[in-house]
Each structure stands twice: as C-alpha cells, then as structure tokens.
Amino acid sequence: RNFTNPGPNRLCYSGTVLHTRARDPMSSRTPISIGLELFGENSINADIEVVSLFLESLRVNKVEHVCLDLGHVDICRGLLSAANLEREQKAEFYGILQRKAVLEMEQWVDQHVIDERLSTWLLMLPDLIGDKEILEKAKREFDGAPEAVIAGIDQLKTIASALDHDTALYFDLGEMPGYHYHTGLVFAAYVEGYGKALGNGGRYDHIGDAYGRSRPATGFAF
C-alpha cells in the first residue's frame, strides 16, 4: 500500500470490528465488516465508481429489488452555514431534522434563524424526499440558495443519471448521517421486509486530517 503515491489508492477489506456497544439489542458487538475505500480522488467519477461497486456487490450476492437511498450533506450544511449558527446550534438542528420533528423544527428555526428565505429553505428539508423528480423540485425551490446547496443537488442528479436504471432510487435531501464525518454524497441500500440498511457509504474527505495527510476519500461498508 503506497500511501505516498499522489494518485488514487483503491483499498478493500474484510474483518471483525469491535463496537463499545451493539447498535441494537439484536446486534453483535463484534460484527464482520466488508467494504472498500477510494482515496485521493475528489471528482464525481469517484463517487459514481464507488456507488456502482456498492450495487454490484449486492448483485453478486444475489440481493434483488434493492432501493438505493441517496442524500448529500452539503444541502443542509450549506443552509446552516449561511445562517451563521454556532456549532452547538447546528448539532441541535441536525438532531431535530433526523427525527423529522416538524413542529419542533418550526419552533427552533423561528428562534434561531433571522433570514426569512433561509428559514423557509430549512423547513422544506423534511419534505424533500422521493424519486428523481424531487431533485427538480429542489432545484426550483432553492433558487438563490448558497452555491454548496445547488452543487449538492447537481451532484445527485449526475450520479442518478449514471447509475443502472433498474435500481430503484430514493432521495432524502435532509439526510445527515454522521454529520461530523461525511462531507458530500451519502447512500444506503434497503430491501423490502428488512428494517435496517444492508450497507451504507459516502464521501468523507477530512478523514486523513488526524494522520497528517488530508486526502479526498469515498467508500462503503456492509
């Protein structure tokens, strides 16, 4: 593994990981994790490559009728950055958004966001869910929004167009899993009758900061 190579590094892994606590009462503290990571490439092509491999991994294992859930953290993050909120306030909003607590969100936005347009855009997030048509709606509704927001929507459109059209796509534009960790696209796979994600992934460009070498990165795990 030549991590000093300025070009992309493509890595895969399989092994047991140890969790301090199991994710739920029926889960193991030592699950087997299988996945890949692509370091050193920040283009949209890297995201498309990783999502395509994610779907192909499911096909190889004969998992059928997959629904791919897609989001982009810059949509919410871009709106909150424009609102000039403190870190703790952003964390509060993220928590409310993930719970889809609409009434609580309305009260919170009324107390913390002065700009009327930003307030309107933030309150739209819980309802911006659905198939590819939701991207066109979001593009219209967010006209004049921060550049990062528009770029996130455009990236989702590009990725959706590049994927196998037999895959059912579902978009949640307020999706913010691991908001301190992810930096762009996020995705997960589901099948009917099973309430958990089969696997998930996304972009996490700042993961190398702690090791003295910041490189763009994207990947997934099952």
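This is a predicted model: local features need pLDDT of at least 70, side-chain atom pairs count only at pLDDT 80 or more; totals for chains, interfaces and linings use all residues.
F187 stands opposite G201 in β7. Strand β6 covers residues 185-190, and strand β7 covers residues 199-203. The two run antiparallel and are joined by four bridges.

Now step back to the sheet. Eight strands form an open sheet with mixed pairing. Their order is β1-β2-β8-β7-β6-β3-β5-β4. At the edges stand β1 (9-16) and β4 (129-130). Each of these has a single partner strand, so one side of each is left without a neighbour in the sheet.

Next, the open space. The largest pocket has a volume of about 950 Å³. It is lined by 34 residues, and those closest to its centre are R23, G199, N200, A221 and F222. Which strands each supply at least two residues of this lining? They are β2 (32-39), β6, β7 and β8 (217-221). By class, the lining holds 18 nonpolar, 10 polar and six charged residues. Such a space can be found by calculation, because rolling a probe the size of a water molecule over the atoms shows where empty space is left.

The largest nonpolar core has 56 residues. Those that touch the most other members are L68, L79, F93, L125, F142, F171 and F187. Helix α1 gives the largest share of this core, seven residues. F93 shows the packing residue by residue. Setting aside neighbours within four places in sequence, F93 is in contact with C76, L80, M105, W108, V109, L122 and L125.

Helix α1 spans residues 44-60, and D47 lies in it. Is D47 buried or exposed? D47 counts as buried, because its relative accessibility is 2% and the cut-off for buried is under 20%. Beyond its neighbours within four places in sequence, D47 is in contact with I159, L185, R203 and T218. L185 falls within the residue range of β6, and R203 within that of β7.

Not counting residues up to four places away in sequence, T167 touches L55, R59, V66 and L68. L68 is one of the core residues that touch the most other members.

Note on methods:
Residues are numbered from 1 along each chain as its sequence is written. Side-chain values use heavy atoms; hydrogens and water are left out. Buried means under 20% relative accessible area, exposed over 50%, partly exposed in between (1.4 Å probe, protein chains only). Contact means heavy atoms within 4.5 Å. Two strands pair if DSSP finds at least two bridges between them. On a 1 Å grid over the protein atoms alone, a cavity is a set of points where a 1.4 Å probe fits but cannot get out, and a pocket is an open set with protein on both sides within 12 Å along at least five of seven lines; lining residues have an atom within 4 Å of a point. Grid points are joined across faces, edges and corners, and a volume is the space filled by probe spheres set on the points. Ala, Val, Leu, Ile, Met, Phe, Trp, Tyr, Cys and Pro count as nonpolar, Asp, Glu, Lys and Arg as charged, and the others, Gly among them, as polar. A nonpolar core is a set of buried Ala, Val, Leu, Ile, Met, Phe, Trp, Tyr and Cys residues joined through side-chain atoms within 4.5 Å.
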